[in-house]
Amino acid sequence: EWLAYIAMTLTGVAGGIFLIPVTSFIQTHPPKEERGKAIAVSNFLDFSGIMVGAGVLWGLSHIPLPSFRIALLGGLSLCVGMGLFLTRKYYD
């Protein structure tokens with residue numbers, strides 16, 4: 001039980017370490033006249049990701065083995081991450 005608390009705390013800290021610089025970049029990097037649009041798009045994508053994540057978790061709740069759910073989510077995360085990496089590498 002205490003291991004789960006430590007893992008959740010570290011996940012929250014890691015998320016904050018990632019999210020704060022990204023949010024600061026989005027708020028300071030675009031030109032002043034485009035800043036509102038950039039923040040709006042960021043908020044829309046955040047909300048869309050939350051909705052998709054909720055849908056994925058709901059869909060996975062029908063799978064009886066928790067270890068298979070975790071493995072499936074890990075594989076999905078790996079595929080999405082590699083897709084984003086390759087897209088940025090070859091189209092940048």
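Visitor: Which element gives the largest share of the lining of the largest pocket?
Guide: That is α2, with 4 residues. Keep in mind that this is a predicted model.

Visitor: Which elements each supply at least two residues of that lining?
Guide: α2 does, and so does α3, residues 66-91.

Visitor: Which residues line the largest pocket?
Guide: Val-52, Gly-53, Val-56 and Leu-57 are among them. Leu-73, Leu-76 and Ser-77 line the pocket too.

Visitor: How do they divide into nonpolar, polar and charged?
Guide: The lining has 5 nonpolar residues, 2 polar and no charged.

Visitor: And how much space lies in that pocket?
Guide: About 220 Å³.

Visitor: Let's step back. How many helices and strands are in the chain?
Guide: There are 3 helices and 0 strands. From the N terminus, the order is α-α-α.

Visitor: At what angle do α1 and α2 pack?
Guide: About 150 degrees, and their axes are 8 Å apart. Helix α1 covers residues 2-28, and helix α2 covers residues 35-60.

Visitor: Which residues make that contact?
Guide: From α1, Ile-26, Gln-27 and Thr-28. From α2, Arg-35, Ala-38, Ile-39 and Ser-42. By class, the contact has 3 nonpolar, 3 polar and 1 charged residues.

Visitor: What about overall shape? What radius of gyration does the chain have?
Guide: The chain has 17 Å, while a compact globule of 92 residues would have one near 12 Å. Its C-alpha trace spans about 50 × 35 × 25 Å along the principal axes.

Visitor: How many of the residues count as buried?
Guide: Of the 92 residues, 3% do.

Technical notes:
Residues numbered from 1 in each chain as written. Predicted model: local features only at pLDDT ≥ 70, side-chain atom pairs only at ≥ 80, totals over all residues. Heavy atoms only, no water. Axes fitted to C-alpha atoms, helices over the stretch in contact; angles between N-to-C directions. Contact = heavy atoms within 4.5 Å. Nonpolar A, V, L, I, M, F, W, Y, C, P; charged D, E, K, R; others polar. 1 Å grid on protein atoms, 1.4 Å probe; cavity = no way out; pocket = protein on both sides within 12 Å on 5 of 7 lines; lining within 4 Å. Points joined across faces, edges and corners; volume = space filled by probe spheres on them. Rg over C-alpha atoms; globule rule 2.2 N^0.38 Å. Buried < 20%, exposed > 50% of the residue type's maximum accessible area, 1.4 Å probe, protein only.
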